[in-house]
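Colleague: Can you take me through this one? I'd like to start with how the chains meet.

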Amino acid sequence: MPHTTPQTPGLFSLSLSKTVEFALNQALRLDEAQGAAFKDFEDKTFAVTFTDLGLTLYLFFTSYGVNVQNALQGEADARIETDLPSLLGLRETGRLSRVTLHGDVPLAEALIDALTSIEIDWEEHLSHYTGDLIAFKVGHATRSAMAATQAAKRQAGETLKEYLQFELEVLPTASQLQRFGDSVQRTQAAVDAIETRVQALLDRL
Amino acid sequence: MNQSKKTIDFGFSEVPLEEKVKRVKGVFDSVAGKYDVMNDVMSLGIHRLWKRHTIELSGVRPGQTVLDLAGGTGDLTKAFAKRVGKSGRVVLADINESMVRVGRDRLINEGIAGNVEYTITNAEALAFPDNTFDLATIAFGLRNVTNKDKALAELYRVLKPGGQLMVLEFSKVTQPLLAKAYDFYSFNILPKMGKLIADDEASYQYLAESIRMHPDQDTLKQMMLDAGFDKADYLNMNEGIVALHRGWKY
C-alpha cells in the first residue's frame, strides 16, 4: 500500500505531530464527558493539511487514545484542509474559519464538531513552538523566495535570449548555430577532398 | 567447509559461527535490566527521536499486523500497539528471553495489553507463516544477528505483499570530523559509561565494536535487495550515526 506522504518528515513536523498528539490526549483525559464525542472515530483515519505550512498530519483514534503522525499507508477516510490561524482560533470562534473537506465529509464535519466540543487551548500548546513556527515559516518563505528568484532569473534569461535572437537578430539560435557548425564541417570536408584531388593532379604532372 | 569451523565477527573478534549467538545472548542478558537507562544516557535521549521518526515514517494504521523483531524492551511495540488499536496486532519477538521479560512487564505495567503478543524467536528462522505482517521492524538488532542475509530473507517471507520492512541501525557516519569524534566517544567514553551505569564495560565495548562491523548504508541496502525486496532505500539520521533502511515487498 503506497504512502500518501513519501517525503521524510523533518524535526519540525515530528515535533509538531507529537505536540498535537499530546494536546489531544491530554484534553481527552481531562474531558468531563471522557471523550464521548470521539467514541465513533475508533479506527477512522483523518488527514489534516495545514495549507499555510504545506504540512499534513494524520490523526487516528484507537482505544489507547489519539495518534498523530506524518505518514499514513493508504488513504485517510476524511481529509481536512485548513490553516494554522484557523486552528488557533477554533476555541474562540467555535469553528474553523477556513476549511475544505474531502473524502467522507460528514465524518470530517463530525471530527471538527468533536474538536470544538473539548477544551484545547491550541495557542498555549503551540506557543512552545511559536519560535519554530516562525522559523519554519520564514524558512519556507525564504525557500519559496529563492525558488521564485531562480525562476525569475531563468525567465529573465529566456526573455533576453529571445529578444536578442528573434527581435534584434544579433544572436543566433541554437539550431542556427548547429546548422552553421554542420556547414563548416561540410565545407572542411569539401576543401579536404579538393586538396587531395589537386595533390593527385600535381603528382601526375 | 565444515559448518563448525566457520567464523564470524563478534565485535572486532572472530568467533565460531555458533558461538556468536551465545555471546550476544550473554551481552543482552547482562544489560537487559538497565538497557533503557543506558540507551538514554548513551544517546542523550536521541534514540527516542530516531524511534519516533521510524514510527512516523512507517505510516502504520489501525487494524494492521506488525512484527517488532529484536523488540527488546518494547519501545516500538508500545507505540505500534497504540496505533494499530484493538483491531490490530503487534508481535514483540526477540531471541533473548531476558529482554522479552523486561519488555513484557514494562508494557503490561503501562496498560498496553490485549493486542500484543510476545515470542522468543531467532531472526534467522521466524516462526510465522508466509505473508503475515503489514509491517516489520528491527531496531538496533540486525547487527547482532549471525546470518543477516538469512534474517532479511525471513523478514521478506513473513511480510504481506505491499508490506514494509524498516531496519533502524547504527551505521557509517558520513561527516569525517563527526566520525572522529564519534569514534572517540564510542571506544573511550561509551565503555566507561557502561561500567559506571551497568557495571559492564565489556558489553558496551562489544556494542561499540559491533557498530563498526555492521554493513554500511549502501551495502545493507543491496543486501535487502538481494534478499528479495522489490525496492529499498535508506535515510541517514544525524549524519549517518543511525540509518533507517526501508524495504518493500510487492
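This is a predicted model: local features need pLDDT of at least 70, side-chain atom pairs count only at pLDDT 80 or more; totals for chains, interfaces and linings use all residues.

Colleague: Which elements of chain B supply residues to the side that touches chain A?

Modeller: Helix 3 (46-58), helix 4 (75-84) and strand 7 (159-170) of chain B each supply at least two residues. Helix 3 of chain B gives the most, with 7 residues.

Colleague: And how do the residues on that side of chain B divide into nonpolar, polar and charged?

Modeller: On the side of chain B that touches chain A, 10 are nonpolar, 10 are polar and 7 are charged.

Colleague: What is the count of salt bridges between chain B and chain A?

Modeller: The count is 2. One of them joins Arg52(B) to Glu21(A), where the closest N and O atoms are 3.5 Å apart.

Colleague: What about area, how much is buried between the two chains?

Modeller: About 2,200 Å² is buried between chain B and chain A, and carbon and sulfur atoms give 49% of that. In chain B, the residues that lose the most area to chain A are Arg52(B), Glu56(B) and Arg61(B), together 29% of what that side buries.

Colleague: How many residues does each chain bring to the contact?

Modeller: Chain B brings 27 residues and chain A brings 26 residues.

Colleague: Change of topic. How far does helix 8 of chain B reach?

Modeller: Helix 8 of chain B covers residues 201-213, 13 residues, and reaches 19 Å from its first C-alpha to its last. That is close to the 18 Å expected at 1.5 Å a residue.

Colleague: Which residues of helix 8 are buried?

Modeller: In helix 8 of chain B, the buried residues are Ser203(B), Tyr204(B), Tyr206(B), Leu207(B), Ala208(B), Glu209(B), Ser210(B) and Ile211(B).

Colleague: Now backbone angles. Where is Asn131(B), and what is its phi?

Modeller: Asn131(B) has a positive phi of about 55° although it is not a glycine. Asn131(B) sits in the loop between strand 5 (116-120) and strand 6 (133-139) of chain B. Asn131(B) is partly exposed, with a relative accessible area of 38%.

Colleague: And Glu239(B), what is its phi, and which loop is it in?

Modeller: Phi of Glu239(B) is near 60°, again a positive value in a residue other than glycine. Glu239(B) is found between strand 8 (231-237) and strand 9 (242-248) of chain B, in the loop there. Glu239(B) is partly exposed, at a relative accessible area of 44%.

Notes: Residues are numbered from 1 along each chain as its sequence is written. Chains are lettered from A and ligands numbered from 1 in the order in which they are written. Side-chain values use heavy atoms; hydrogens and water are left out. Contact means heavy atoms within 4.5 Å. Buried area is the accessible area (1.4 Å probe) that two parts lose on being put together, summed over both. A salt bridge is a side-chain nitrogen of Lys or Arg within 4 Å of a carboxyl oxygen of Asp or Glu. Helices (H or I, at least four residues) and strands (E, at least two) are DSSP runs, numbered from the N terminus. Ala, Val, Leu, Ile, Met, Phe, Trp, Tyr, Cys and Pro count as nonpolar, Asp, Glu, Lys and Arg as charged, and the others, Gly among them, as polar. The expected span of a helix is 1.5 Å times one less than its number of residues. Buried means under 20% relative accessible area, exposed over 50%, partly exposed in between (1.4 Å probe, protein chains only).
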